[in-house]
Amino acid sequence: MKTYILAIVGIVLVSAVITMIAPAGKMGKFLKGATKLAILFVLLLPVKSLLSDGSLTVSGGDMALDRDYLAHCAQRLGEEDAAAIVISLEEEYGVTAAAKVERNADATFSYQKIVVRILDFGISGEDEHIYMIEKIESELESYYGCDAEVS
């Protein structure tokens, strides 16, 4: 039913635009008549299903997911998250790192895995970097809700 209503609204809007920009002569009368026929056709679409099935339904086409677009969006969001993680680690812990964030390429774009490779620990004590890795890993896992690998 939603598809039917959207089709009516769409054809009415298109016909209104055509009516406004149509020339005043014979061509304008022809275009206005054609838009009226198109509106009539859309309004009578449910009658076909009523006569054949006995029910008043308008079938809408199945929408297929654009997997390539979802994968592209997941990749872009992952890159933005990775940049944010790198900045956050530098500000909070004073470490230089490279990060990679993997997201699911579906409608939720939920987090799959976070991989952080620490390039430079900055100034820290003898064994502080070991505890820092564990702390960063646990914070990432709790914040993003997925597996995190820090090395």
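Reader: How many helices and strands are in the protein?
Author: There are 5 helices and 3 strands. Keep in mind that this is a predicted model.

Reader: What pattern do they follow along the sequence?
Author: The order is α-α-α-α-β-β-α-β.

Reader: What share of the residues counts as buried?
Author: Of the 151 residues, 22% are buried.

Reader: Now contacts. Of those between residues at least 6 apart in sequence, what percentage joins residues at least 24 apart?
Author: That figure is 48%.

Reader: Let's zoom in. Where does threonine 35 lie?
Author: Threonine 35 is in helix H2, which covers residues 26–43.

Reader: Is threonine 35 buried or exposed?
Author: Buried. Its relative accessibility is 10%, and the cut-off for buried is under 20%.

Reader: Which residues does it touch, leaving out those up to four places away in sequence?
Author: Threonine 35 touches Ser15, Ile18 and Thr19.

Reader: Switching to charge. Which residues gather in the patch of positive charge on the surface?
Author: Four lysines: Lys26, Lys29, Lys32 and Lys36.

Reader: Take lysine 26. Which helix is it in?
Author: Lysine 26 belongs to H2, the helix that also holds threonine 35.

Reader: Why does lysine 26 count as exposed?
Author: Because its relative accessible area is 76%, and exposed means over 50%. Threonine 35, at 10%, is buried.

Reader: What about nonpolar surface? Which residues make the patch there?
Author: Leu37, Leu40, Leu43, Leu44, Val47 and Leu51 make a nonpolar surface patch of about 590 Å².

Reader: Which elements give two or more residues to it?
Author: H2 and helix H3, residues 45–53.

Reader: Which gives the most?
Author: H2, with 3 residues.

Reader: And leucine 44, where is that found?
Author: Leucine 44 sits in the loop between H2 and H3.

Reader: Why is leucine 44 called partly exposed?
Author: Because its relative accessible area is 47%. Partly exposed lies between the buried cut-off of 20% and the exposed cut-off of 50%.

Reader: Can you sum up H2 for me?
Author: H2 holds threonine 35, which is buried. H2 also holds lysine 26, one of the lysines in the positive patch. And H2 gives the most to the nonpolar patch.

Conventions: Residues are numbered from 1 along each chain as its sequence is written. This is a predicted model: local features need pLDDT of at least 70, side-chain atom pairs count only at pLDDT 80 or more; totals for chains, interfaces and linings use all residues. Side-chain values use heavy atoms; hydrogens and water are left out. Helices (H or I, at least four residues) and strands (E, at least two) are DSSP runs, numbered from the N terminus. Buried means under 20% relative accessible area, exposed over 50%, partly exposed in between (1.4 Å probe, protein chains only). Contact means heavy atoms within 4.5 Å. Patches are made of residues with over 30% relative accessible area and no salt bridge: like charges are joined within 9 Å, nonpolar side chains (Val, Leu, Ile, Met, Phe, Trp, Tyr) within 5 Å. Accessible areas come from the Shrake-Rupley method with a 1.4 Å probe; for residues, only the protein chains shown count as cover. A salt bridge is a side-chain nitrogen of Lys or Arg within 4 Å of a carboxyl oxygen of Asp or Glu. Lys and Arg count as positive and Asp and Glu as negative; His and the chain ends are not counted. The place of a charge is taken as NZ of Lys, CZ of Arg, CG of Asp or CD of Glu.
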